[in-house]
Amino acid sequence: MIVRKAVRCYLIKDDNVLVTKYKEGNKKSEYYDIPGGKIEEGENSEQTAIREMKEETGVKVRNLKYKGNMIVEYPNRIFDFDVFITNESEGKPQEYEENTSEWIGIKELLRKEKILSNIIILDRFFIKGLTNEKYNFKMQIMVSEEEEILNVNYELLELK
């Protein structure tokens, strides 16, 4: 089984989150995603989150807080994400060849038909582990090749 180590960075302001949306021609066209990507050699996960946010959205983030680990398991591959959150940024969402980026209300995003599994952390049941400074989280999501969420295991970790 292929395991890919990556990051996701949730930029949240006033119940809105910065997302990417894949364009036509991409195998995940019209899907919403959270900015992030593969950790490159010589980078730590926080550096990757900052770089990927800038590359995918045009927005520069700072003062990231590590919030936990999210495993997304497909039938033939696993993504192992370090998850960060921030509300500090500069710049405006941009459009690129493969994706566009935009601010969207969290409740509106959760109602969208085409969302990738890492967006589930924004659901009211799970968001405490992402937004509450007293907690981190561990999450494992089983997903079909069609992006259908099959199972979620979730644990809140109280910080001391």
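This report walks through the strands, cores, pockets and loops of one predicted model.

A few ground rules come along with it. Residues are numbered from 1 along each chain as its sequence is written, and side-chain values use heavy atoms, with hydrogens and water left out. Since this is a predicted model, local features need pLDDT of at least 70 and side-chain atom pairs count only at pLDDT 80 or more, while totals for chains, interfaces and linings use all residues.

Let's start with strand 7 (77–86). Helices (H or I, at least four residues) and strands (E, at least two) are DSSP runs, numbered from the N terminus. How many residues of strand 7 are buried? The count is 10 of its 10 residues, where buried means under 20% relative accessible area, exposed means over 50%, and partly exposed is in between (1.4 Å probe, protein chains only). In a regular strand the side chains alternate between the two faces of the sheet. Here R77, F79, F81, V83 and I85 point one way, I78, D80, D82, F84 and T86 point the other way, and all are buried.

Strand 1 and strand 7 run parallel and are joined by 10 bridges, with D80 as the bridge partner of K5. Strand 6 and strand 7 run antiparallel with eight bridges, and N69 stands opposite D82. The hairpin that joins strand 6 to strand 7 passes through three residues.

**The cores**

In soluble globular proteins, nonpolar side chains tend to be buried together. A nonpolar core is a set of buried Ala, Val, Leu, Ile, Met, Phe, Trp, Tyr and Cys residues joined through side-chain atoms within 4.5 Å. The largest one in this model has 28 residues, and those with the most contacts inside it are Y10, V17, M70, L109, I121, L122 and L130. At least two residues of this core come from each of strand 1, strand 2, strand 6, strand 7, helix 2 (106–111) and strand 10. There is also a second, separate core of 11 residues, including C9, L18, I39 and F84.

What does L130 touch, leaving aside its neighbours within four places in sequence? L130 is in contact (heavy atoms within 4.5 Å) with Y10, I12, K67, V83, I85, I121, L122 and F137.

**Two pockets**

Rolling a probe the size of a water molecule over the atoms shows where empty space is left. On a 1 Å grid over the protein atoms alone, a pocket is an open set of points where a 1.4 Å probe fits, with protein on both sides within 12 Å along at least five of seven lines; lining residues have an atom within 4 Å of a point. Grid points are joined across faces, edges and corners, and a volume is the space filled by probe spheres set on the points. For the classes below, Ala, Val, Leu, Ile, Met, Phe, Trp, Tyr, Cys and Pro count as nonpolar, Asp, Glu, Lys and Arg as charged, and the others, Gly among them, as polar.

| Pocket | Volume | Lining by class |
|---|---|---|
| Largest pocket | about 610 Å³ | eight nonpolar, seven polar and 11 charged residues |
| Second largest pocket | about 180 Å³ | three nonpolar, four polar and three charged residues |

Of the 26 residues that line the largest pocket, R4, R8, Y22, D33 and G36 are the closest to its centre. Strand 1, strand 2, strand 4 (36–38), helix 1 (45–57) and strand 7 each give two or more residues to that lining. The lining of the second largest pocket includes I12, I85 and L130. Strand 6, strand 7 and helix 3 (128–131) each supply at least two of its lining residues.

**Loops and turns**

Between strand 1 (2–13) and strand 2 (16–22), the loop holds D14 and also D15. D14 is not a glycine, yet its phi is positive, about 50°; D15 is likewise a residue other than glycine with a positive phi, near 60°. Buried or exposed? D14 counts as exposed because its relative accessibility is 72%, and D15 counts as exposed because its value is 64%.

Now for strand 10 (residues 135–143) and strand 11 (residues 149–158), which pair in the antiparallel sense over nine bridges. Q140 stands opposite N153 in strand 11. Their hairpin has five residues between the strands, and E147 takes a positive phi near 70° there. S144 sits in this loop and counts as buried because its relative accessible area is 9%. Leaving aside its neighbours within four places in sequence, S144 is in contact with Y74, P75 and L150.

Key: Pairing = 2+ DSSP bridges.
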